[in-house]
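Let's walk through this structure together, one region at a time. Keep the 3D view open as you read.

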Amino acid sequence: MIAELGLAALWLAAALAALQLVAGFLAARADGETELAALIRPAAVVQGALAAVAFAMLIWLFAITDLSVKLVAANSHSMKPLVFKIAGAWGNHEGSMLLWVTVMALAGALIALVERRLPERTMQATLAAQGVVSLGFYAFLLFSSNPFERLPIPAAEGQGLNPLLQDLGLAFHPPTLYLGYVGLSVAFSFAVGALITRQVTSEFARAMRPWVLGAWVFLTIGITAGSYWAYYELGWGGWWFWDPVENASLMPWLAATALLHSASVLASRDALRTWTIMLGVVAFSMSMVGTFLVRSGILTSVHAFAVDPERGSFILALLALYIGGALLLFALRASTISEGERFTVASREGALVFNNVMLSAILAIVLLGTLYPLVTEAFDVRVSVGPPYFNPVGAIFAVPMLVVMTVGPLLRWRQDRLERVRNEVALVAALMLAALVLFSLLASVSLLPLLGLALGIGVGVASILPLRGRKLTRVPLATWGMVVAHFGIAVALLGMASESAFSTERLAAVQVGEATTVGPWAITLEGVEPVAGPNWTALEGRIAARYDGGEPTVIDPQARSFWAPPQQTTESALITRWNGQLYAVVGDQATDGRWQLRLWWKPFVTLIWYGGLLVALGGVLALVGRVLSDLKRRHVVKRMAERRKEQEALS
Amino acid sequence: MKAKHQRLVLVTLALVAIIGAGLLAVYALRNQASYFYLPEQMLADPPQPGQAVRLGGMVEVGSLKTDPDGVTMHFMVTGKDDSRVPVRFSGIAPDLFVEGSGVVAEGKLGADGTFVADNLLAKHDENYVPRELEGMNEHQAAKMAEETTVGLK
């Protein structure tokens with residue numbers, strides 16, 4: 001019964017999305033108000049509620065392990081802990097698509113309820129665009145991936161969940177990324193809505209900005225968490241592999257970062273109108289491309305996903321429809337969007353335009369590198385594109401962008417002279433130069449990490465300069481957000497550069513009881529024992545590690561074997577100190593009884609992820625700041641209206 | 001500068017940068033075409049010594065040997081014909097790295113013709129095979145069948 005209720009809710013939600021689309025289309029054609037147009041907002045709200053009901057039903061089915069439902073039987077097991085039963089609801093293709101459409105519908109409902117700043121017609125066009133996008137996903141769910149499908153005969157037991165996914169962090173990783181993707185779909189709908197009514201104003205940017213910020217925060221958290229997961233779970237000691245699945249989340253992030261900055265130019269200065277619209281379209285396109293790459297199985301990756309070519313074609317068709325449609329609309333309307341405000345090259349806008357262009361260039365590089373193997377494959381040439389391509393080619397654009405990032409936030413809007421910020425520029429330049437000289441003298445560091453260290457220091461110092469001479473309690477939250485996010489970039493950069501420049505590695509075969517060293521660490525292998533978990537067995541090494549002659553800490557790296565499905569994982573062991581991490585992996589046993597140990601000392605590697613979290617925190621601060629100031633403004637407007645009414649009544 | 005001109009300049013600059021990035025990417029990617037080598041390709045047209053490349057093929061059965069240090073291993077990677085490239089690798093081999101299965105070795109060709117690998121990609125789990133090796137299993141199966149049936153005739 002519950003499954004049928006869920007399915008019915010999904011059909012009704014799809015019908016309402018269709019209503020949004022039709023009503024919006026008619027309202028856009030009619031010059032005045034049509035009666036149907038009045039239905040758009042309520043339709044969006046109810047659609048959101050119905051999608052939420054459907055998703056709640058699916059979670060319920062997973063929570064009670066209803067094995068008459070195909071999806072539950074295929075992805076769950078009655079003996080699983082409740083939290084993984086619930087996470088199982090979206091730990092699969094159908095469920096994650098339902099999550100996608102639910103988040104999107106809820107976002108639509110929220111816009112319909114709270115957004116009153118935009119002209120009503122733009123709002124209706126936005127909701128109609130949302131209806132179009134959701135409708136595609138509803139069709140996808142209802143016709144090709146019904147999550148509520150029943151089995152003819154209920155299964156006796158479920159098939160379980162991929163053991164790699166039975167990890168709390170990973171259970172919440174996909175929803176985080178999805179919230180980011182879906183947030184960008186809202187930005188897309190706004191862009192399309194504004195294109196339809198030709199009302200691209202700073203008010204429009206202010207309405208769109210919180211959605212972009214929210215999406216960007218979730219993407220940032222998702223990428224950071226994904227990177228850390230790959231680092232400790234794969235046992236390769238690396239934190240970024242330029243894997244297609246990683247790129248699939250990086251590309252929307254790059255576009256969203258550019259969009260965030262251009263939307264803020266549009267919001268504060270009413271410039272970059274068409275460019276912002278264009279980025280709104282591109283950002284969502286990138287999240288669709290990402291979904292397509294990950295879900296279609298068109299490329300394999302170290303992150304294993306369920307694959308199905310038919311679904312791939314469906315997403316590809318949606319991709320072509322939405323992006324093609326939006327680009328066509330853009331081409332038709334772009335020239336009719338009126339001019340924005342002007343600015344000079346040396347101004348905040350100028351720096352932000354530079355940042356946007358560089359981000360777009362990096363996006364182009366990542367996109368081409370990710371798709372290139374698919375293209376050559378068509379000509380039967382197998383190519384792998386890896387770090388030797390992405391690192392140097394990306395750096396050509398990332399380095400100048402980071403250099404400009406040190407100056408940009410210090411510049412004034414519209415028009416400025418570089419001489420005004422001479423002292424700050426000199427300070428930052430001197431620090432970077434000193435870092436370059438110091439590190440190249442101290443150690444043999446190769447070019448990219450060296451640049452990374454210098455830029456990390458430069459950007460770090462420059463990012464807090466906008467706060468100087470200001471009363472810290474009076475600085476707006478949004479400015480704090482910028483400062484924290486930029487500082488986070490610097491922190492992450494320092495972590496990356498330090499990891500590449502100063503990591504030391506020791507690879508050794510040792511007898512039990514034998515000692516070895518890596519960097520400042522003395523390591524003793526105390527024993528290797530077989531251990532068993534609920535659904536795996538493992539060989540577990542006991543390693544005593546002393547930092548610089550101090551007290552020993554015992555860690556237990558494992559080589560784990562799961563049997564259903566058969567899979568082997570490396571459970572690395574980590575010791576985290578303020579100044580870096582010790583990373584240990586245990587390998588095979590040689591014929592003479594020695595065990596292979598792979599050890600890394602990675603100075604300041606944790607800064608990479610702390611930096612990522614700081615960037616996300618910056619986004620949260622900016623978001624809270626914007627929302628609070630909006631509420632305040634709304635309150636002031638209301639008070640003014642009341643006062644005017646009182647005065648009218650008096651006179 | 002008139003507003004219209006400013007917009008034109010901006011659009012031009014953006015286009016130049018993005019097309020520049022694209023051209024640069026395409027140029028760099030063309031070199032990537034010689035990033036992955038099969039053993040027969042590596043023997044016929046070896047990469048520059050010291051250039052980072054990938055070598056993909058099958059680990060020859062019976063060729064795997066470990067040095068006394070316990071962590072350096074030597075093996076032969078074979079390709080479609082009888083071409084073989086010797087590989088040296090120091091490190092912990094992936095879990096599913098065994099003789100007779102596919103491998104992609106990342107590293108550099110040494111001056112002595114030995115491929116020095118600093119990373120091995122083998123089957124990651126049941127679902128993941130390095131992309132370059134897809135389809136190679138069939139060929140290997142056919143080859144192994146040939147080899148093992150010779151004695152029967």
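Start at the surface, where L477(A), L617(A), V620(A), V624(A), V627(A), L628(A) and L631(A) form a nonpolar patch with about 530 Å² of accessible area together. Such patches take residues with over 30% relative accessible area and no salt bridge, joining nonpolar side chains (Val, Leu, Ile, Met, Phe, Trp, Tyr) within 5 Å; areas come from the Shrake-Rupley method with a 1.4 Å probe, and only the protein chains shown count as cover. A salt bridge is a Lys or Arg side-chain nitrogen within 4 Å of an Asp or Glu carboxyl oxygen.

Helix α18 (residues 607-650) of chain A gives the most to this patch, with 6 residues. V627(A) has its place in that helix and is partly exposed, at a relative accessible area of 37% (buried is under 20%, exposed over 50%, partly exposed in between).

This is a predicted model, in which local features need pLDDT of at least 70 and side-chain atom pairs count only at pLDDT 80 or more, while totals for chains, interfaces and linings use all residues. Residues are numbered from 1 along each chain as its sequence is written, chains are lettered from A and ligands numbered from 1 in written order, and side-chain values use heavy atoms, without hydrogens and water.

Now turn to strand β2 (residues 515-518) of chain A, with T516(A) and V518(A) on its covered face and A515(A) and T517(A) on the uncovered one. Strands are DSSP E runs of at least two residues, helices H or I runs of at least four. β2(A) pairs in the antiparallel sense with strand β3 (residues 521-532) of chain A over 4 bridges; pairing takes at least two DSSP bridges.

Definitions and conventions
Patch = residues over 30% accessible without salt bridge, like charges linked within 9 Å, V, L, I, M, F, W, Y side chains within 5 Å. Buried < 20%, exposed > 50% of the residue type's maximum accessible area, 1.4 Å probe, protein only.
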